[in-house]
Amino acid sequence: MPNKFINSRRQFLAGMAAAPLALRGAAPKRPNILFAIADDWSWPFSSSAGDRTAITPAFDRIAREGVLFNHAYCVAPTCTASRGAILTGQWFARLEQGSNLHGSLPSKFDVYPDLLEKNGYHVGFTGKGWAPGDWRPGGRTRNPAGPEYNSAELDAPTKGISNIDYTGNFAEFLKKRPAGAPFCFWYGGREPHRAYEKGSGLRAGKRLEDVRVPAPLPDAPEVRSDLLDYAVEIEWFDKHLGNIVAMLEKAGELDNTLIAVTGDNGLPFPRCKANIYGSGTNVPLAVRWGGAKGGRKVEDFVSLADLAPTFLEATGVAPLAAMTGRSMMNVLTSARSGWVDAKRDVVFTGRERHTVAQPEGEAGYPMRAIRTRDYLYIRNYHPERFPAGYDTKTTASFRDIDNGPTKEFMLKERNAPSVANLFELGFGKRPGEEIYDLRKDAKEFRNLATDPAYSAVRAKLAAQLDRQLREWKDPRATGAGDAFDGYPMAGRR
């Protein structure tokens, strides 16, 4: 149950939301919102999680002085849908065209930057906002993340890193801030999205022996070097995060700014991004705010769709009834570590069309999943299709896996004893149902869906997934799922 402090704070915030803006000048300042999101940044690639290749002092500081979430998951492991769920606070499959990569996000779906702007916030973004896609067909007049600040540029240190000067653009955003207005800013690093400059990690002095190779990938020098290149781009994102935090600290705004730092989906490697295993959905998340007790590590399951209602509650704006995400304010204002909210013991994820990768053309590979402390249950709605895209025997094979040295290595060595099983897991077809016992199989390799010993667990999780999808009116649960394959694409990748 909420304590007296939390109740009094909520009453204050509710009053703030109802009061006219002109009367709020004498009240305590409403918190700023800084949301920092890296592109394809996966857990556990941060030094706070023990990684020795991606050194992230800025993220580590947010985690150390705030709350580090060990079980944070994107809603969908694909950029457009994940970012749409973050902005709207809704289950991705409710967003129509916004459920697919390169879709649109109809204006009928409210986004938290617009809601905060209507309540007196100065709003903007730099880097990658809601993307990839086209927001214009949905009836919007700007990117759902807000007005764009991308005019400042710099000389990038590698060919794969964007030349957008995130720090400079944040400074420009602050210059245009009306006096006394709180702000809501989206820092969207384009890193560590592929492509990387091959060998950049080794040239930066990183060592192959320091790499922790994720379970779905073969342990080979080519893969380790690719992961070092990935780490270089994570560090670039973190460097600008540190610059932005330093600017807030210098301005005396740090403790009055709720800072949330995360990634939109898993790393762009086989059986990771575009998959709803942990390697595709488990993302870093740290939140720092002067109103929250820091130095805590939390085990609660949280979804990135929970961020929008959290931001709104923190700023005194009532979350919308349409939001399926749940505010994390009770977790942030708690003094506890470990499991804080007993009800946060489950998370739901899913996916529709990623790239055009099926022989049928613009068909996707629809999946839904439920994850608990002990199990991961996955439903594949079209097991006759190809999860990673089909093999065209060309460089365009398996299009739902980003091209890069690791993919090239696995394609070349697919029949090698050390690669064959991993290749099948990452590139092969899958049955209609999958269930993994996470207590015994943290790698999520052994599918137990046909094991009689797990039949009761499978049935229970399947029923729980069905109930939630029906409650959220997911088209896959209402018989209208084929609509996803018919939505137009704003461009192909």
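The entries below go from pockets to helix pairs to the backbone.

**Ground rules**

I am working with a predicted model, where local features need pLDDT of at least 70, side-chain atom pairs count only at pLDDT 80 or more, and totals for chains, interfaces and linings use all residues. I number residues from 1 along each chain as its sequence is written, and side-chain values use heavy atoms, with hydrogens and water left out.

**Entry 1: the largest pocket**

I began with empty space. Rolling a probe the size of a water molecule over the atoms shows where such space is left. On a 1 Å grid over the protein atoms alone, a pocket is an open set of points where a 1.4 Å probe fits, with protein on both sides within 12 Å along at least five of seven lines, whereas a cavity is a set the probe cannot get out of; lining residues have an atom within 4 Å of a point. Grid points are joined across faces, edges and corners, and a volume is the space filled by probe spheres set on the points.

I found that the largest pocket has a volume of about 640 Å³. Its lining has 27 residues, and those nearest the centre are Trp-43, Pro-44, Gly-278, Ser-279 and Ala-442.

Which element gives the most to this lining? I noted β2, with three residues. At least two residues each come from β2 (67-73), α8 (278-281) and β10 (367-372). My element names follow DSSP runs numbered from the N terminus: helices are H or I with at least four residues, strands are E with at least two.

I then sorted the lining by class and got 13 nonpolar, seven polar and seven charged residues. Here Ala, Val, Leu, Ile, Met, Phe, Trp, Tyr, Cys and Pro count as nonpolar, Asp, Glu, Lys and Arg as charged, and the others, Gly among them, as polar.

**Entry 2: the second largest pocket**

I read a volume of about 360 Å³ for the second largest pocket. Thr-324, Arg-326, Phe-348, Gln-468 and Trp-472 are the closest to its centre, out of 18 lining residues. Two or more residues each come from β8 (296-303), β9 (346-351) and α13 (455-471). The classes in this lining are nine nonpolar, four polar and five charged.

Next I turned to helix pairs. Axes are lines fitted to C-alpha atoms, for helices over the stretch in contact, and angles run from 0 to 180 degrees between N-to-C directions. Under 35 degrees counts as roughly parallel, over 145 as roughly antiparallel, 65 to 115 as roughly perpendicular and the rest as oblique.

How do α7 and α11 run relative to each other, roughly parallel or roughly antiparallel? Helix α7 (221-250) packs on helix α11 (405-412) at about 165 degrees, with the axes 8 Å apart, so the two are roughly antiparallel. I noted the crossing as left-handed, meaning that the near helix is turned anticlockwise from the far one by less than a right angle (clockwise would be right-handed).

For contacts (heavy atoms within 4.5 Å), Glu-222, Val-223 and Asp-226 of α7 meet Pro-405, Thr-406 and Phe-409 of α11. This contact has three nonpolar, one polar and two charged residues.

**Entry 3: α11 with α12**

I followed α11 on to helix α12 (420-427): their axes come within 10 Å and cross at roughly 120 degrees. That makes α11 oblique to α12. This crossing is left-handed too. Lys-407, Met-410 and Leu-411 of α11 touch Leu-422, Phe-423 and Phe-427 of α12. By class I have five nonpolar, no polar and one charged residues.

Where are the cis peptide bonds I noted? One runs from Glu-191 to Pro-192, with omega near 0 degrees, and another joins Arg-194 and Ala-195, with omega about 10 degrees. Pro-192 lies in the loop between β4 (183-188) and α6 (200-203), and Ala-195 is in the loop between β4 and α6 as well.

I also noted Lys-393, which has a positive phi of about 65 degrees although it is not a glycine. Lys-393 lies in the loop between β11 (375-380) and α11.
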